[in-house]
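Keep the viewer open as you read.

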Amino acid sequence: MKANINIEFCGKKVAVKDLEDEAKLVWKEEGKKIKDIRELDLYYKPEEGTCYYVVNGTETGSFHVEGK
């Protein structure tokens with residue numbers, strides 16, 4: 001079974017899968033390899049429109065999220 005998880009806030013919806021994909025894209029754009037990600041923690045703050053991430057427990061970053 002596959003679960004699709006969505007977050008809705010103030011009339012906008014964001015899929016958790018989209019947050020994961022965007023974090024991986026940002027990681028790759030920084031010149032890093034996707035295969036090096038062993039653990040990915042995501043912290044989405046819909047009131048800010050920002051998703052914060054931690055890769056492998058040490059490397060951090062964030063990106064803006066446009067809900068639909």
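Predicted model: local features only at pLDDT ≥ 70, side-chain atom pairs only at ≥ 80, totals over all residues.

Residues are numbered from 1 along each chain as its sequence is written, and side-chain values use heavy atoms, with hydrogens and water left out.

**Strands**

Helices (H or I, at least four residues) and strands (E, at least two) are DSSP runs, numbered from the N terminus. Two strands count as paired if DSSP finds at least two bridges between them.

| Pair | Bridges | A bridge or facing pair |
|---|---|---|
| Strand 3 and strand 4 (residues 50-55) | six bridges | K45 with T50 |

The hairpin of strand 1 and strand 2 has two residues between the strands, and C10 takes a positive phi near 50° there. Further along, three strands form an open sheet in the order 3-4-5, with antiparallel pairing. Strand 3 (40-45) and strand 5 are its edges, each pairing on one side only. On average, neighbouring strands of this sheet are turned by 20° against each other, direction ignored; axes here are lines fitted to C-alpha atoms, for helices over the stretch in contact, and angles run from 0 to 180 degrees between N-to-C directions.

**Helix 1 and W27**

Helix 1 lies across strand 3, strand 4 and strand 5, running at about 115° to strand 3. W27 sits in this helix. Is W27 buried or exposed? W27 counts as buried because its relative accessibility is 3%, and buried means under 20% relative accessible area (1.4 Å probe, protein chains only). Leaving out residues up to four places away in sequence, W27 touches K32, K33, I34, I37, V55 and E59, with contact meaning heavy atoms within 4.5 Å.

**The largest pocket**

A pocket is an open set of points on a 1 Å grid over the protein atoms alone, where a 1.4 Å probe fits, with protein on both sides within 12 Å along at least five of seven lines; lining residues have an atom within 4 Å of a point. The largest pocket holds about 190 Å³ of space, a volume being the space filled by probe spheres set on the points. Its lining includes K13, D18, F63 and H64. Strand 2 (12-15), helix 1 (16-29) and strand 5 (59-64) each supply at least two lining residues.

Methods. Buried < 20%, exposed > 50% of the residue type's maximum accessible area, 1.4 Å probe, protein only.
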